[in-house]
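Student: Could you take me through a structure, one feature at a time? I would like to ask as we go.

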Amino acid sequence: MKNYYEEKFESLFLKYGSEIAKEKIVQDLLYKSSQPKTESYKNKFDMFWQSNFIKLLTVDEVRKENYILALSQYIRYTITDKNIYINYLKLDIQSFILAVRYSGIILNSEHDSWGILKEISQEFDSEELCGFIQTATHLQLQYKHRLAVYEDIQNKLNISQITAMSFSSLYAYEYLVPNKDFFQLPYQFDPEEKNSAETVWKAFDEIVKFSKKNTKKLTDQSIGLALKNKLMPFLIGEGMTPLLQEQYELYKKLVAIKIEIINYKRNVLESFSFDKQVNYELKNSELIYTNTKDKKDNWSEKNSLLISYWLGIGTKKLLNSDVIYSIINTGHNLEANAVALSKAFAVKEQLEQVYGILDFSINQQKLDAYEIMIAMTLSQAHYLKDHIEKFIGFLPHAESNLHALTELTMHGFVIGENRMPFTFARQEDKIKRMSSWVKGSSNTVKKKKMEQILNFWTCDLYSEDHHSTFQQKPFYKIDNFVFQFPWLTAFQNVNTMMINYVRKLHKNRLELKSETDNIELNLAEKFKNAGFNVFCQYQPVDREVGEIDLIAICENHVIIVEVKSTYIKSSIQEIYEYRNFTLNKAAYQLSKKVEFVKNGFLNQFFENLDDVKIHSWIIDTTLEFDHEYFGDHLKVSLDEVIITSNCESEFMQKLVDEQFDIEKDEVKIDPIQFLESIEKNTFWSKQLDNYDHYMEKMLSRLAS
């Protein structure tokens, strides 16, 4: 009895011939949404690779990306048929090795597939395969060594979560403030390594979460005693002991090895696994690294420009709202408060316009996106102004960073405020203080709202499973106490934290379908306003084609759009999987839709289809692989489409000239000009050409 893929291949073979059938059948495996019944097979990859047509594969076919991806999934799911591996190896060793890398098993030295691969390397005479396995084994052993060093230091330290927070805060002020792009850190493995603040914060986060939990309920007295013994000796010099100094130095070593583990996993194991332009080779016990990547993707610059755009939009929203009156009488805090509220409006607008999030709901609890954001942005303004800027002010006359931190802490004691390197309060007290930031018919309503918001941003160190990171939940909670970190809150990217909160941490929310609908409807409105004849969420009679998110027609030009929405990627593996599965699948779906539009839709609008120009776009909420082609389909960012269609491509010049809030006469973009601007990458080319100028002007304004 033939399995699903064998039957499908036969029908494709009769229709297209062998070569195209082999191309289409692997696309079906990787990208078709509906799953075949696997019957006696372990999964669809097992079924596929045991099909009869696999014997027809040629060298050229196994070298193609889709077959390499298909084999990588087969390896990932630990299928034990060695003959399938050996037959692939006989055709092309390099493609087989790339499939092993793409499978991700290099990240897991205990994966069952390693046993099979090592058996094959003994049976199949190939220096190349043996060399690859030796290299992968060497990298895994190096990683295990780093983990063992970390565990050894962690066991020697054996500190509580409060002590870990104390040491993290001291470390942050000693080495991370003032803020800059990269840092040289004590005890780092590689003296040449450039470490970002975000990597250090990640190390702090993991160390705190996996440090020793208290066995007794936390009280003001127990926190005070911990700070007296573990923090204050560094600030006032009293009570310092050799043991405490040794503990802090050990903690610095723990941070260094944790950062090394994070960097090694990303830059070595993940790069070797998921980036084919990166290679490692073990020769005569020496590890040789090569990287053939020669193209810069400008992701950071583009992201920075978009944050500036949304901040400009947020500022306009603030100036046109009644909220502006709430901060008019805040004296010397006026500017900081205005920036904070503009940031909150900016994120709210970005969530609405780019991600389709109108009614904000987490775990079926409705929340106000703007009020959630002001809890963060006003905290950020406070910590920047009253902690970080004050600390930087003490630095020029201080003997060291810790001496400046002592000055800051003493300043806090004098004015009756907490200016310690990390802050803490009972949850009810924090709710009471922050409740004035939100609207409500009574103090009780305001406190209830603020309790929900505080819970939103807080990671309970005792009850959560740590799926969240500091990037999504930057506050910690132990028992009834909430802990906050001025140095983290002050510099956190609020746009990314909110986007990844809703799109990554809560990626399976019930509201996701309606939000995707909103994105498509908003996009359709943009195209209509630009002068296109628009069909949104079009349902072909042929269900195999699937819903077409957008068809836009102007003159003899037809744009067919597939919309994708996701979170901001932070790992090489996430980026790889997004490209090879999500975007490749989008291209696969779009090809079917283009074929339908050509053959079954356009004849009602055009008598002669020969002059019709088809443009197929994947419009996506992420900047990854921006302006690259997937098959015949151009992938562009939704932000770019929004900004271009709104005729706001000059926004950076207006920002640096302080004219962003000036109302302009309504301008409508020409639809053909809009289309050409997107396809020729006009918007980004101009922005990136002027990027250094824009940033220099912005920085000089901030400094004045």
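Tutor: We shall discuss helix packing, strands and sheet, a loop and aromatic pairs. Please keep in mind that this is a predicted model.

Student: Helices, then. At what angle do H9 and H14 pack?

Tutor: Helix H9 (residues 127-157) and helix H14 (residues 242-274) pack at an angle of about 160°, and their axes are 9 Å apart. H9 is therefore roughly antiparallel to H14, since angles over 145 degrees count as roughly antiparallel.

Student: Is that crossing left-handed or right-handed?

Tutor: The crossing of H9 and H14 is left-handed. Sorted by class, their contact has 17 nonpolar, four polar and six charged residues.

Student: What about H11 and H14, how do their axes cross?

Tutor: The axes of H11 and H14 come within 9 Å and cross at roughly 115°. That makes H11 roughly perpendicular to H14. H11 passes H14 in a right-handed crossing.

Student: Which residues of H11 and H14 meet there?

Tutor: On H11 they are Thr199, Val200, Lys202, Ala203, Phe204, Glu206 and Ile207. On H14 they are Tyr251, Leu254, Val255, Lys258, Ile259, Ile262 and Asn263. The contact of H11 with H14 comprises nine nonpolar, two polar and three charged residues.

Student: And H10 with H18, how are their axes placed?

Tutor: Helix H10 (residues 161-175) and helix H18 (residues 401-415) have axes that come within 8 Å and cross at roughly 115°. H10 and H18 are therefore roughly perpendicular to each other. Their crossing is right-handed. From H10, the contact involves Leu170, Tyr173, Glu174 and Tyr175, while H18 contributes Asn401, Leu402, Leu405 and Leu408.

Student: How do the residues of that contact of H10 with H18 divide by class?

Tutor: In the contact of H10 with H18, six residues are nonpolar, one is polar and one is charged.

Student: Let us follow the chain out of H10. Where is proline 178 placed?

Tutor: Proline 178 lies in the loop between H10 and helix H11 (197-209). The peptide bond leading from valine 177 to proline 178 is cis, with omega near 0°.

Student: What is phi of tyrosine 187?

Tutor: Phi of tyrosine 187 is near 65°, a positive value in a residue other than glycine. Tyrosine 187 is also found in the loop between H10 and H11.

Student: Why single those two features out?

Tutor: Most residues other than glycine have a negative phi, and most peptide bonds are trans.

Student: On to strands. How many bridges join E1 to E2?

Tutor: Six bridges join strand E1 (residues 278-283) to strand E2 (residues 286-291), and the two strands run antiparallel. Glutamate 281 has isoleucine 288 in E2 as its bridge partner, and lysine 283 stands opposite glutamate 286 in E2.

Student: Which residue in that hairpin of E1 and E2 takes a positive phi?

Tutor: Asparagine 284 does, with phi near 50°, in a hairpin that has two residues between the strands.

Student: There is a six-stranded sheet as well. In what order do its strands come?

Tutor: The order is E9-E10-E11-E12-E14-E13, in an open sheet with mixed pairing. Strand E9 (533-538) and strand E13 (628-630) stand at the edges with a single partner strand each, so one side of each is left without a neighbour in the sheet. The twist from one strand to the next averages 30°.

Student: What joins E9 to E10?

Tutor: Five bridges join E9 to strand E10 (residues 548-554), and these strands run antiparallel. Phenylalanine 535 has isoleucine 551 as its bridge partner in E10.

Student: Which strands does H27 touch?

Tutor: Helix H27 (residues 671-679) packs on the sheet and touches E10, strand E11 (557-564), E12 and E14, with its direction at about 60° to that of E12. Helix H25 (residues 638-645) lies across strand E12 (613-620) and strand E14 (633-637), and runs at about 75° to E14.

Student: Last topic: how many aromatic pairs does the whole structure have?

Tutor: A search of the whole structure finds 58 aromatic pairs. In one of them, the rings of tyrosine 5 and phenylalanine 48 have centres 5.5 Å apart and planes at 80°, so the pair is edge-to-face. This pair links distant parts of the chain, with tyrosine 5 in helix H1 (residues 4-16) and phenylalanine 48 in helix H3 (residues 44-49), 43 residues apart.

Methods: Residues are numbered from 1 along each chain as its sequence is written. This is a predicted model: local features need pLDDT of at least 70, side-chain atom pairs count only at pLDDT 80 or more; totals for chains, interfaces and linings use all residues. Side-chain values use heavy atoms; hydrogens and water are left out. Two strands pair if DSSP finds at least two bridges between them. Helices (H or I, at least four residues) and strands (E, at least two) are DSSP runs, numbered from the N terminus. Axes are lines fitted to C-alpha atoms, for helices over the stretch in contact, and angles run from 0 to 180 degrees between N-to-C directions. Angles under 35 degrees count as roughly parallel, over 145 as roughly antiparallel, 65 to 115 as roughly perpendicular and the rest as oblique. A crossing is left-handed if the near helix is turned anticlockwise from the far one by less than a right angle, and right-handed if clockwise. Contact means heavy atoms within 4.5 Å. Ala, Val, Leu, Ile, Met, Phe, Trp, Tyr, Cys and Pro count as nonpolar, Asp, Glu, Lys and Arg as charged, and the others, Gly among them, as polar. Rings of Phe, Tyr and Trp (its six-membered ring) pair if their centres lie within 6.5 Å; planes under 30 degrees apart count as stacked, over 60 as edge-to-face and the rest as tilted.
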